[in-house]
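Hello,

Here is the structure we talked about, followed by my notes on it. Please read them with the model open.

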Amino acid sequence: MSQNDTNPFSTIAHLESINQCIQCGTCSGSCPLADLMDHAPRELFALIREGAYEEVLHSNTPWFCVSCYACMVRCPREIPVTDLMYALKEVITKQGTAPQNLKMPDMYQAFSRNIKDTGKVTESLVMARYGMKHPMDALKNIPLAIKMQMRGRLELKAPKVADPKSIARLFELTETSKDKP
Amino acid sequence: MKICFYPGCSFATSAGYKESTEAVCRKLNIELNEIPDWNCCGATVMFGENKLRATALAARHFALVQTMGFEDLVTGCNACYATLRKAARLLTEDQELFQKTQEVLQNLGLKLDRIPKIRHLLEVLMEAMPDSTSDRYKTLSVGAYYGCQLTRPDQDLDKGDYPEILEHFLDRIGFSVKEHSARTQCCGASHAVIYKNECQGLSQRIIREIANKGAEVIATICPLCQFNLDQAQIQDNGPRLPVTYFTQLAGLALGLAPAELGLNKLLVSADKVLTRP
């Protein structure tokens, strides 16, 4: 484990709240996808406190946070766990250190790109873009897509906002943001 | 009653959420005013990419709601609900973020002065639906499924882990309600789409728990919850429970026909339980 002197997460709002963590593990025990994480939330907070920033920058944990907020409402120290996971993702995305073999960042990218282009999200378009990087995943969804189509639930024409350029502009205006995560 | 409605991206292609919401609102004289030119709220993706961008995407609607002259914004999707609420909370707490968001919106020709109250469609129908006067559905047992993001993280509408408002609603409009412990257990949300095998167990646990407690139908309040619980049953040999929207059950209670409520769009058919004498 390599150590980095400067804390890349220092600008995150309420990061100091993890100093209140008593390592009880209620968050990890409440997490529906903890099994898929390399460090469940309790452990991840311990790593940040230890200064093991490189380990955290390359952790898959924030990418498996499903935003169920179960940890957040149960934390006895009122640490905003889910909000911190979002902020960690933002720092990791900006630093470009997300694990290479991880599917979720590609999914998020496809999702975000769809919004940037049309202002809205069309599931079939997100899957198509994501499928360029993960063809097997996309193919596996075809039988389900057919069932959806049969029930008139597959959108083949992408809805758009009236002026998609205005959404692209919103993306540009927030692109170089130095704002705190 | 007039409400300002934010449908969100999944509403139109969901299994009859749109049809049933529109039919029920027509019947109850609720005027649904869709936010013109709404965009994606950013869902669970955008706050992990860029906080200002996520806030601005959500707040674009707050400016549009203001133009429409409404105080409240109503949505039927838990992810939209939680995302818009998160943006609203941040804008209220963080003056600097509020100003920056204002600047971004100003650049798009929009004006943001106030934050609307974000409400779920369930709250609206809880107020508007009349008590049941019929025994027609008294033998139809329903398990309420809330998903994660209605009562969490805010817990202002009801308890975070063990809410009861949907049970009370279903009971009041004439269904037999079965208590169970999976009401806010996570279905895997968007992760279930690409981590199918890993998330399959999450939906199965919910469906089995609801079936074991004697329910024949599940009532949901969110398009992604509905989709996950519905599609998980196709690849499973477990119990088969139609996964409906609470608006479809409300429509039945109001005497509307299943076809008007988009009930033919479910993957696991509800025909059998609904045509039962």
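**Domains of the two chains**

Chain A splits into domain 1, residues 15-95, and domain 2, residues 103-173. The centres of these two domains of chain A, taken over C-alpha atoms, are 28 Å apart. Please keep in mind throughout that this is a predicted model.

Chain B also has a domain 1, covering 2-122, and a domain 2, covering 132-275. For domain 1 and domain 2 of chain B, the C-alpha centres are separated by 24 Å. In the contact between them, 21 residues come from domain 1 of chain B and 29 residues from domain 2 of chain B. On the domain 1 side, the elements giving two or more residues are helix H1 (17-27) and helix H4 (78-93) of chain B. H1(B) gives the most to that side, with 7 residues. Sorted by class, the domain 1 side holds 10 nonpolar, 8 polar and 3 charged residues.

**Where the chains meet**

Between the chains, 40 residues of chain B touch 45 residues of chain A. Five helices of chain B each put two or more residues into its side of this contact: H2 (43-46), H3 (51-68), H5 (95-107), H8 (191-194) and H9 (196-212). H3(B) gives the most to the side of chain B that touches chain A, with 5 residues. The class count for that side of chain B is 18 nonpolar, 12 polar and 10 charged.

**Two helices of chain B**

H9(B) is also worth a look for its packing against helix H10 (residues 223-232) of chain B. The axes of H9(B) and H10(B) come within 9 Å and cross at roughly 90°. Angles of 65 to 115 degrees count as roughly perpendicular, so H9(B) is roughly perpendicular to H10(B). From H9(B), the contact uses Gln200(B), Ser203(B), Gln204(B), Ile206(B) and Ile207(B), and from H10(B) it uses Asn228(B), Leu229(B) and Ala232(B). The residues of this contact divide into 4 nonpolar, 4 polar and no charged.

**Backbone points in loops of chain B**

- The peptide bond that runs from Arg152(B) to Pro153(B) is cis, and its omega is near 5°. Pro153(B) belongs to the loop between strand E5 (141-144) and helix H7 (165-172) of chain B.
- Asp37(B) is not a glycine but has a positive phi, near 60°. It sits in the loop between strand E2 (31-34) and H2 of chain B.
- Ala189(B) likewise has a positive phi without being glycine, with a value near 45°. Its loop lies between strand E6 (176-177) and H8 of chain B.

Is Asp37(B) buried, exposed or partly exposed? Asp37(B) has 14 C-beta neighbours inside 10 Å, so it counts as partly exposed. Ala189(B) has 26 other C-beta atoms within 10 Å. The cut-off for a buried residue is 20 or more, so Ala189(B) is buried.

To go through the model in order, I would begin with the side of chain B that touches chain A, where H8 and H9 are among the contributing helices. From there, turn to the crossing of H9(B) and H10(B), and then to the loop of Ala189(B), which ends at H8 of chain B.

Regards

Methods. Residues numbered from 1 in each chain as written. Chains lettered and ligands numbered in written order. Predicted model: local features only at pLDDT ≥ 70, side-chain atom pairs only at ≥ 80, totals over all residues. Domains from an automatic or database assignment. Contact = placed C-beta atoms within 7 Å. Helix = DSSP H or I, 4+ residues; strand = E, 2+ residues; numbered from the N terminus. Nonpolar A, V, L, I, M, F, W, Y, C, P; charged D, E, K, R; others polar. Buried ≥ 20, exposed ≤ 12 C-beta atoms within 10 Å, placed from the backbone. Axes fitted to C-alpha atoms, helices over the stretch in contact; angles between N-to-C directions. Parallel < 35°, antiparallel > 145°, perpendicular 65-115°, else oblique.
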